[in-house]
Amino acid sequence: MQRKAYVPGIAALLAALLAGCTGGSASNGTAADPKPGDVSVNTPAAQPGKYRTLPEACAAVSHDSLDSLLPGIKQITDQDQRDTAYEGQATLTYDTDRRVGCGWKVESTDATDHLSVDFERVVSYDNAVSDDSRAQDIYATEETAANLPEASASATPSDTASATPSAPPSASASPTSSASASTSAGPSETPADLQPRKLSSLGDEAFLNDKLNSGSATAQQRTVTVVFRTSNVIVRIEYTEQPTASTGTPDSEEMQDKARNLAQKLVDRFNG
């Protein structure tokens, strides 16, 4: 009698356990839920940049532009030397799909001119960040580092002086500086349209910087830099002139015009 009572009790217990397991499995569907932090396969990846390659940097600047920026080229009488001057020297890079550059240096009777161009194709390796957005961040960092003066019509001469990097104190305060150098380098004499500034009609965004450096008490060297972004490519142009005469001062307006003209041609090249 005890044996007959024991067997049904065990069977009932097993049936209850099986029912509990089955019910829990049906109501809990955790096996089908995604893990926390998983990226949905339906999330679209950020858009790639417009440009997948870069032009050959030393061939990107035409002979006409080089004649304008580097007048000493036309003064070279030997044809082979002139051809070499036009070729420039490629910048050493390890991934020409991502970054290329070229530089030229030519002496003339009046000055020594340097020109360099640099092309960087920005690629974002974050699926949530587009190539263009990453390029915008890099460009913004460079623009901030340039410390451009605030554009303000009501800026006083002292405001302009503190904000204009093209006028180092030694250029205006040194008693040994020539009168012409002091006049051209004086911060209060720099027209607003020649100060370092953003450029609104060049690529997607651009800025220009202009610095006048004194190598000695009288020698002046000017460097004009133009940086612009078009989609996911950032282009940097640096144009420097050192006059032969120790009292000479490079003309800011002329150098800026030449650098901006080259920048516009490069923009057209990318958009063409």
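1. Helix α5 has these buried residues: Asp131, Ala135, Ile138, Tyr139, Glu143 and Ala146. Buried means under 20% relative accessible area, exposed means over 50%, and partly exposed lies in between (1.4 Å probe, protein chains only). Seen down the axis of α5, the buried residues fall within an arc of 135°, so they line one face of the helix. The arc is that of the directions from the helix axis to the C-beta atoms. On the other side of α5, Thr141, Thr144 and Ala145 are exposed.

2. This is a predicted model: local features need pLDDT of at least 70, side-chain atom pairs count only at pLDDT 80 or more, and totals for chains, interfaces and linings use all residues. Residues are numbered from 1 along each chain as its sequence is written, and side-chain values use heavy atoms, with hydrogens and water left out.

3. Helices (H or I, at least four residues) and strands (E, at least two) are DSSP runs, numbered from the N terminus.

4. Two residues other than glycine have positive phi. Asparagine 147 follows α5, with a phi of about 55°. Its place is the loop between α5 and α6 (157-163). At 57% relative accessibility, asparagine 147 counts as exposed. Serine 231 also has a phi near 55°, in the loop between β6 (220-230) and β7 (233-243). Serine 231 counts as buried, at 7% relative accessibility.

5. Strand β3 (residues 111-121) has nine of its 11 residues buried, so it is largely enclosed by the rest of the structure. Strand β2 (residues 99-107) runs antiparallel to β3, joined by nine bridges. Strands pair if DSSP finds at least two bridges between them. Three residues separate β2 and β3 in a hairpin. Glutamate 107 has threonine 112 of β3 as its bridge partner. β3 also runs antiparallel to β7, through 11 bridges. There, leucine 115 stands opposite tyrosine 239.

6. The largest nonpolar core has 38 residues; Leu115, Val117, Phe119, Ile237 and Leu266 have the most contacts inside it. A nonpolar core is a set of buried Ala, Val, Leu, Ile, Met, Phe, Trp, Tyr and Cys residues joined through side-chain atoms within 4.5 Å. Helix α9 (residues 252-271) gives the most to this core, with seven residues. A second, separate core of nine residues includes Val122, Tyr139, Phe207 and Val227.
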